[in-house]
Amino acid sequence: MSSQAPPPLPPEISNDIPPLPMSHGGPPPIPTAAHNSPIIQASFLSKWYGNVIGLNGLNVTISEGITGIVGPNGAGKSTFFKLIIGTIKSNAGDLFVMGQRPWGNSRQLADIGFCPDYEFLPLDMTGQQYLEFLGGLHAMDKSSLDKRISEVTGIVKMTKDMNRKMGGYSKGMKQRLKIAGALLHSPKLLLLDEPLSGLDPLARRDIILLIKRLNKDYGHTIIVSSHVLHEIERMTHNIVLIYKGRAVASGEISQIRNLISQHPHNIIVEGYKMNELAKALVDKDYTVSVGYNENRFSLSVRVTRPDDFFNDMPELLEQTGSKIERMYSEDDNLESVFKYLVGW
Amino acid sequence: MSLNAYVSGILAIFKYSTRKILLNKRWVITLLMALLVAGIMGYAGSFEGDALDGGSALMDMLILSFIMPIIAMIYGASLIRNEIEDKSITQVITAPLDRSISYLGYYLSLAVSLSLIMIFINLVGWLAFFAQKGINGDALGILGAMIGLSVIGSLVYSALFQLTGTVFKRPIYFGLFFAFIWEGFIGSIPGAIGSYTIKHFIRSIGAGWIDYGELANYNAASAASAFLTLIAITMACLVMGAFIFREKEYP
């Protein structure tokens, strides 16, 4: 298996209700297990839970390397992962994982390591006991299991804590042990669902470095999900944006960012002499609208080119004598990004 | 998948689940049940009367017919259901092991754990009674027969209650109905309806094993047909449970 990230996919954007068309048009062909076939191929994949839609006609192709699945909470990321590991069954559409349908295909799980976003570790067991249990489930013999446990605990830097009960582990340690469990049987594909969720900055950095290393040094194909775009950006430039159960864009992150930047951004500016600043901003061609918020110390500015806006700001402040106490873009939250992309 | 992989998977689940069952806080319930049995049988043992008939009748009524279905319900109905609820089932259902095989691993752990618990309760009750009355070969025979019947009961009830825990979101309601109303009340009504309980078939086997107490005179099905019926019930529950467990979605 190649340890290098694949070339970026061309970006695909969907602005309308029908499912995202693939780059070659129509549903993708049923893949074979050829060497260069995609790892994941989903076409018009749908899953609903009663009246709640989990995935809604998802079309996506994922190749080797690290791929980030980005979307706000409830977008369908976890549903997609559960479909990949076959713990739930799709209601419509096709899904192929390494050329095979995952539902009812327990054998394929030998090639997949799954690290879910929820807590499930048996806290009264030690890390060592837990990994031995997993090794038994994967039919690993004692000698190779011991060797492998030593390897994976080294990779996730948990070697010295393996004889402690997991109830005493920190969140970061539990996360690392979950990843060790997913790695234990040397899977080709590693699925990490929100691995950074709830971690402190230091633990986040460690996990991000670990994920990059798992791909670069150990050759695992990794699909990692997050609702924070910039976190995924630190791991990979190859992303799939999911919103309301659909892939609204996929490909190289910089191209997607360019597309995002073409849409008007809402920027909140708070400070003094905002009236003068508002007048100066109105004259700029990138300004779509300027308005006061709840008082005259807070402006809401809508701009088409945020980079130009931020570049001009020092000069504007000097000209108007305004003073800024706080300035932030409302559009940093992923929900806004997705609304732009689907044109809402 | 090779036989070795199946055996390894079953063993892994067996060890993991048995540990979970026996070290769970519910051992307090087991202890309370054992204390209840010890108290009642110890008190009964302090009165004069035929030791063998009295001891056999008490163990039959108290342990075999009352305690066993309740303990089986408490452990069996929650075994898989709790793992689905707290999502610890993830590690089993994401392993490359056919889920029906995993189900068998759970069953074996439940049946063995339940058997051990029932052996413990039988021993406690028997000692509390016969330690006062005098221990002899016949008394040991009653203990052996009761343990044998408890193990058979554990195998059957485990299959039944594990199935209910797989099928129902709230298996406790079915469990309470089955343990108290069906096995407890319906099973005690004279006439044909009582023969539709699991207890009836277990006691039918016991009638051939024990010469003392009510059980010795139980108007029963033949031991062979009782055995076959219990095997059929166990197999049906296991096959149905394994199928449901395999086809079930785990969102």
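## Model and numbering

This is a predicted model, in which local features need pLDDT of at least 70, side-chain atom pairs count only at pLDDT 80 or more, and totals for chains, interfaces and linings use all residues. Residues are numbered from 1 along each chain as its sequence is written, while chains are lettered from A and ligands numbered from 1 in the order in which they are written.

## Chain A overall

Chain A holds ten helices and 14 strands. Helices (H or I, at least four residues) and strands (E, at least two) are DSSP runs, numbered from the N terminus. Of the 344 residues in chain A, 42% are buried, a residue being buried if 20 or more other C-beta atoms lie within 10 Å of its own, exposed if 12 or fewer, and partly exposed in between, with C-beta atoms placed from the backbone.

Two residues are in contact if their C-beta atoms, placed from the backbone, lie within 7 Å. Among contacts in chain A between residues at least 6 apart in sequence, 70% join residues at least 24 apart.

A:A42 belongs to strand β2 (residues 40–49) of chain A. A:A42 counts as buried because 27 other C-beta atoms lie within 10 Å. Leaving aside neighbours within four places in sequence, A:A42 is in contact with A:L58, A:N59, A:V60, A:G93 and A:L95.

## The contact with chain B

In the contact between the chains, 21 residues of chain A meet 24 residues of chain B. On the chain A side, the elements giving two or more residues are α1 (77–85) and α2 (127–137); α2(A) gives the most, with four residues. That side divides into 14 nonpolar, four polar and three charged residues. Ala, Val, Leu, Ile, Met, Phe, Trp, Tyr, Cys and Pro count as nonpolar, Asp, Glu, Lys and Arg as charged, and the others, Gly among them, as polar.

## Helices α2 and α4 of chain A

The axes of α2(A) and helix α4 (residues 171–183) of chain A come within 10 Å and cross at roughly 25 degrees. The two are therefore roughly parallel (angles under 35 degrees). Axes are lines fitted to C-alpha atoms, for helices over the stretch in contact, and angles run from 0 to 180 degrees between N-to-C directions.

A:G127, A:Y130, A:L131 and A:L134 of α2(A) make the contact with A:L177, A:A180 and A:G181 of α4(A). By class, this contact has five nonpolar, two polar and no charged residues.

## Helix α6 of chain B

In α6(B), 22 of the 31 residues are buried, so the helix is mostly covered.

Terms used
Angles under 35 degrees count as roughly parallel, over 145 as roughly antiparallel, 65 to 115 as roughly perpendicular and the rest as oblique.
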